[in-house]
Amino acid sequence: MQKTELTVGGVRLVQRTANSWEIPKEGGMRVPGRVYASRKMLEELEHDRALEQVKNVAYLPGILDVSLGMPDIHWGYGFPIGGVAATDIETGVISPGGVGYDINCGVRLLRSNLRLEDVKPKVRDLVVALFAMIPTGVGSEGAAGTLSIEEVDRILNGGVGVIIRKGFGTPEDQEWIEQQGFLSWADASAVSDKAKQRGSKQLGSLGSGNHFLEIQVVEEIFDEEAARVFGLAKGMITVLIHSGSRGLGYQVCDDAVHAFTTIGKTKYGIELPDPELCSVPLHSPEGQQYWAAMAAAAHFAWSNRQVMTHVARQVFRETLRISDRTLGMDLVYDVCHNIAKKEEHVLHAERGAKRRVEVCVHRKGATRAFPPGHPDLPEVYRETGQPVLIPGDMGRASYVLKGTQKAMEETFGSCCHGAGRVMSRHASMRACKGKNLRDEMDRFGVEIRAHGYRTIAEEMPHAYKDVSEVVQVMHDEGISLKVAKLRPLGVIKG
């Protein structure tokens, strides 16, 4: 293949493969950058700062191998959304901009025993009931009610198992959550009182923006064997829940950003091209406090999705008047998007030498995609690789993929996390002016409930890349392989 050089948004790119591009190391960059994207996707980044942000991330002290951008990449705070970077555990930094404000924003997929013909006549009833039972929107209070600070602390320290033991779900659910919904270094005492107060009323709520709960049908199977292992079949009804740590996680990030912006430079002498990349050494007292608070916020996010899972099961049972056994709504998997975690990876040193080391992987708008045989996966998924869940916009499909060894070799076991915006919320609002948006969604065949016109207008399909094209880049590059396509039937949003 003849390699092409391009300049996009002022950033020089050299083609590696059909859908991957290197940003050569220059200036203060400690490693090169790499972006996975088709030519069309690169053109969409001409007026977006995301590629510049991939370069800036490459300046981080202790960054290893490469600064990465996934095909859903777009501008974010510090890191681009769709950015991945690993830093050295001993000498590297941790950056709250590399995790994001919505810590452990993520998705979980539920399968069921129901078929399309069982649910199609009742989709509107289900959507109405879900919207009534699951709080949505900015500042919404959660389905779990108001928690005491002591109850919040127990969740922040103990993870999703705490809320399951309170009756929100079954013990089996925990097995199918990334890291079993527990990070050993979480510490509630590292979380500010303000963050805890914000979270105390929000457990079991979607929030706003691009968060949603969606009723779907499995429309297409690409890999029969992997689909069998994941428990998916054509025509099956599924539910996808996309939400995060709400105000608690936002406050944890905000507290760290305010602290690190000053001390990163004055106390630790860290000079970076973008102040939004504010960082401190991971092993510093401040780094360890954020590390522990971030993990605690991740516990809150997993617990938040767990409560909504419990409510969704209840709504399906009561609306359809069926038993738990008939419903069979089991968890396929729950994956994180915005998180930094300790993991073992093989680094590619000079002269082709390789070494296995423990690193801190920042995934900002990216999801884990571990390969077959990985010890961190549930035993049944070790034969296929991890289920990788890629939600689309509210009018187009979502996808289930499986992780691969190539992801471990090239992307620190990471994949894209969604469609990726191509239009700001304000621009999307302008594009919707004068349109009947419910009629537009009817055209997509999707029943929707949301808090007002603005939410729907900001999240219309035209505001996003085509998720099918995003997924195809990952599939063609062998980073994650397609297993199933899920078509939306009904959705609730904030």
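Visitor: What does K166 count as at 48% relative accessibility?
Guide: K166 counts as partly exposed at 48% relative accessibility. Bear in mind that this is a predicted model.

Visitor: And which side chain does K166 meet in a salt bridge?
Guide: The side chain of E151, with an N to O distance of 3.7 Å. The two sit in distant parts of the chain: K166 is in the loop between α6 and α7, while E151 is in helix α5 (residues 149–158), 15 residues apart. E151 is partly exposed too, with a relative accessible area of 23%.

Visitor: How many salt bridges does the structure hold?
Guide: The structure holds 26. One of them joins the side chains of R16 and E410 at 3.8 Å, N to O. R16 lies in strand β2 (residues 11–17) and E410 in helix α12 (residues 405–410), so this pair ties together parts that are 394 residues apart in sequence.

Visitor: Is E410 buried or exposed?
Guide: E410 is buried, because its relative accessible area is 17% and the buried class means under 20%. R16 counts as partly exposed at 24%.

Visitor: What about E52, which residue does its side chain meet?
Guide: R49, in a salt bridge of 3.7 Å, N to O. E52 counts as partly exposed at 33% relative accessibility, and R49 is partly exposed with a relative accessible area of 33%.

Visitor: Changing topic, strand β20. How many of its residues are buried?
Guide: 12 of its 14 residues are buried, so the strand, residues 480–493, is mostly covered.

Visitor: Which sense does β9 take when it pairs with β20?
Guide: Antiparallel, over 9 bridges; β9 covers residues 212–221. Within that topic, Q216 stands opposite P488 in β20.

Visitor: And β17 and β19, how do they run against β20?
Guide: Strand β17 (residues 398–403) pairs with β20 in the antiparallel sense over 6 bridges. G403 has S480 in β20 as its bridge partner. Strand β19 (residues 447–449) runs parallel to β20, joined by 3 bridges. There, the bridge partner of I448 is V491 in β20.

Visitor: Which residues form the negative surface patch?
Guide: E172, E175, D330 and E379. D330 is found in strand β12, residues 330–336, and is partly exposed with a relative accessible area of 40%.

Visitor: Last one, T170. Where does it lie?
Guide: T170 is in the loop between α6 (160–165) and α7 (193–199). It is partly exposed, with a relative accessible area of 31%. From C-alpha to C-alpha, T170 and P80 are 36 Å apart in space, and they are 90 residues apart in sequence.

Terms used: Residues numbered from 1 in each chain as written. Predicted model: local features only at pLDDT ≥ 70, side-chain atom pairs only at ≥ 80, totals over all residues. Heavy atoms only, no water. Patch = residues over 30% accessible without salt bridge, like charges linked within 9 Å, V, L, I, M, F, W, Y side chains within 5 Å. Areas by Shrake-Rupley, 256 points an atom, 1.4 Å probe, with all protein chains shown as cover. Salt bridge = Lys/Arg side-chain N within 4 Å of Asp/Glu carboxyl O. Lys, Arg positive; Asp, Glu negative; His and termini not counted. Charge placed at Lys NZ, Arg CZ, Asp CG, Glu CD. Helix = DSSP H or I, 4+ residues; strand = E, 2+ residues; numbered from the N terminus. Buried < 20%, exposed > 50% of the residue type's maximum accessible area, 1.4 Å probe, protein only. Pairing = 2+ DSSP bridges.
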